[in-house]
Every structure is written in C-alpha cells, then in structure tokens.
Amino acid sequence: NVHVYLQDIVKIILDRREEKPIDLLHEYISVALKGEHVLLRDYSFISATQYNKACFLIQMKKIFHGSPHYKVVSAQDYHQCLCLLCTDFSREVIAEIAKVLPVHSSYSDTSSIEFHSSLASVPELFYKFDIEEIRKALNLFFYFDEFMEKAKGVFKDLGSGEFKPEEQVMVSLVFTGIKGVYERNKNSSFLFPYFGTVIESLLLKAQHKVKFEAHQVYTVPEIQSLLHGAGTISFKEFSSLLMNHPQIEQEILKETEIKQPKEEELQRLATEDSPTRSPTVPQPARK
C-alpha cells in the first residue's frame with residue numbers, strides 16, 4: 001500500500017508548491033508514523049489501508065473516549081463525532097452497527113423517540129447505546145468490514161429469506177459457512193480476524209450446550225463435531241461476541257506498531273568492524 005502514501009504526498013507537494021518539498025516530505029512521514037495523518041481527511045483516504053483504519057480508530061478513542069461525562073449516546077450523535085474527524089464518514093457503517101447493538105438499559109423503552117425515528121430510513125440511529133459498545137463495534141465493522149459483510153452473507157444464506165440480524169440459525173452451519181469464507185479468500189488482499197478468534201466466539205455461545213476443555217487444543221474437524229449440538233446463534237449475537245473478544249483490539253493496535261531497531265543492535269552495527277576477509281570471487285568453470 002506504499003503507493004497510497006506516495007500519491008498522497010505528491011499531491012500535497014504539488015498543491016502547496018513550497019520551496020523545500022523535502023522538509024514537507026519529512027513532516028508527512030513523521031505525522032504518519034504518529035498515526036495523525038488520518039485526521040480531517042476524507043473517507044476514501046482513511047479507509048484506503050488497514051494502517052489508516054487502525055490509526056483512525058485509535059485517534060477516535062483518544063479524542064472522544066476520554067471524557068467521564070459521556071457514557072451513553074445515540075448512534076446518530078456518535079456519527080456526528082466521527083464526522084468531526086472525517087467529514088464524509090460512512091453513515092452506512094454506523095447504521096449497520098446500530099442494527100446489531102443492544103439498546104442501553106436506561107433507554108430500553110424507545111417509544112419516546114418514536115416520532116423522530118419514524119422520520120428516518122434507519123430508526124435505530126436514534127436509539128441510545130453505551131459509547132464503549134459503539135466503539136468496539138466500530139473496530140469490528142470498520143476495520144474488518146470485508147469480513148463482516150461476508151459473514152452477514154453467511155447468515156443471510158442460512159436464514160429464511162430476507163436478512164434479519166436477530167434471526168437464529170444453527171451454530172454448526174455458521175461455522176461451516178465462515179470456514180468456507182476463509183478458505184475461498186485465503187489468497188485475497190482482504191484482512192480477516194484470526195480464525196481462532198472467530199472459533200472462540202462461537203464456542204462461547206456454545207459453552208452451555210456442549211462440553212469441551214478450555215485449555216485443550218482441538219482440530220478443526222473436532223470443533224465442527226463439537227458444534228453440532230451447540231444450538232443456534234443470530235448475527236446480532238455473533239457480532240457482539242466477536243467485537244468483545246480482546247483479540248480484535250489487539251490486532252488493530254498491532255497494525256500501528258512500528259518496529260524500531262533495539263538501541264544495543266544499533267550500537268553493534270555502528271561499531272562493527274568491516275570484514276577483513278575478501279569476498280569470494282566465483283571462478284569460471286573449467287572446460
């Protein structure tokens with residue numbers, strides 16, 4: 001994805017036409033390494049690479065999730081916060097999230113907002129949710145958007161027709177469908193969560209119906225066999241289990257880690273004597 005950043009910096013240099021473009025290049029790289037290059041950029045840029053997505057999610061958390069005063073917000077209000085950092089942030093992403101999140105317990109009665117929601121194409125946008133739940137759902141639906149779209153397709157195919165997030169389908173069939181998604185996309189450029197993370201989420205749903213040892217390693221066929229008696233699961237439940245798995249956030253944080261050489265390694269390279277032995281010159285083959 002280096003071409004994304006090369007095209008971006010070239011455009012910035014041409015637009016600004018500053019006398020010292022090298023200084024501008026250094027500044028751009030410095031800001032990008034800090035993860036701040038995604039602020040106040042359009043949606044096409046912040047969603048262009050996984051690094052950009054991860055940086056945007058981390059900046060969003062730093063800026064809007066540090067206050068102790070805002071714990072419950074509507075999906076619509078949260079979208080407005082996103083638009084302060086990215087003016088054209090996709091409303092569809094937040095709409096998808098609002099359809100799968102449970103309404104906050106303090107606002108379980110949505111009749112008070114019935115008038116407002118009746119005017120919207122997505123009434124769930126006016127419901128109020130725990131702000132941390134929205135953030136974790138955004139991690140999942142924005143960072144792993146391709147995977148969630150394909151997972152949604154699995155639930156739709158297993159359902160009774162029109163997709164409904166709350167419709168129950170067999171856990172074992174969901175596992176088979178998700179496994180097929182991974183197999184069909186193993187050579188694609190899409191970034192999916194670790195398969196083990198998805199398996200653990202399904203096993204959490206099945207823990208009251210099947211017996212398994214928490215610390216035992218199971219093969220994929222063994223897991224498939226275990227899940228045959230695991231009951232049912234909805235896309236809503238699947239999304240909730242997956243977004244609350246700690247591995248999801250760890251994968252996002254890992255994406256932004258810049259591997260720096262250790263100080264002692266740099267010192268060793270700096271003081272290392274050049275080799276005294278002459279390089280081996282290949283001899284011509286004898287006839």
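At what angle do the axes of helix α4 and helix α14 cross? In this predicted model, local features need pLDDT of at least 70 and side-chain atom pairs count only at pLDDT 80 or more, while totals for chains, interfaces and linings use all residues. Residues are numbered from 1 along each chain as its sequence is written, and side-chain values use heavy atoms, leaving out hydrogens and water.

The chain holds 15 helices and four strands (DSSP runs numbered from the N terminus, helices being H or I with at least four residues and strands E with at least two). Of its 287 residues, 39% count as buried (under 20% relative accessible area, with exposed meaning over 50% and partly exposed in between, for a 1.4 Å probe and protein chains only).

Two packed helices are described by the angle between their axes and the distance between the axes. Helix α4 (residues 50–64) and helix α14 (residues 246–255) have axes that come within 8 Å and cross at roughly 110° (axes are lines fitted to C-alpha atoms over the stretch in contact, and angles run from 0 to 180 degrees between N-to-C directions). The two helices are therefore roughly perpendicular to each other, a term for angles of 65 to 115 degrees. On the α4 side, the contact (heavy atoms within 4.5 Å) is made by Q50, Y51, A54, L57, I58 and K61; α14 brings E249, I252, L253 and E255.

Turning to the strands, K128 is found in β2 (residues 128–130). This lysine is partly exposed, with a relative accessible area of 32%. The C-alpha atoms of K128 and A75 are separated by 6.5 Å, although the two residues are 53 residues apart along the chain.

Terms used
Parallel < 35°, antiparallel > 145°, perpendicular 65-115°, else oblique.
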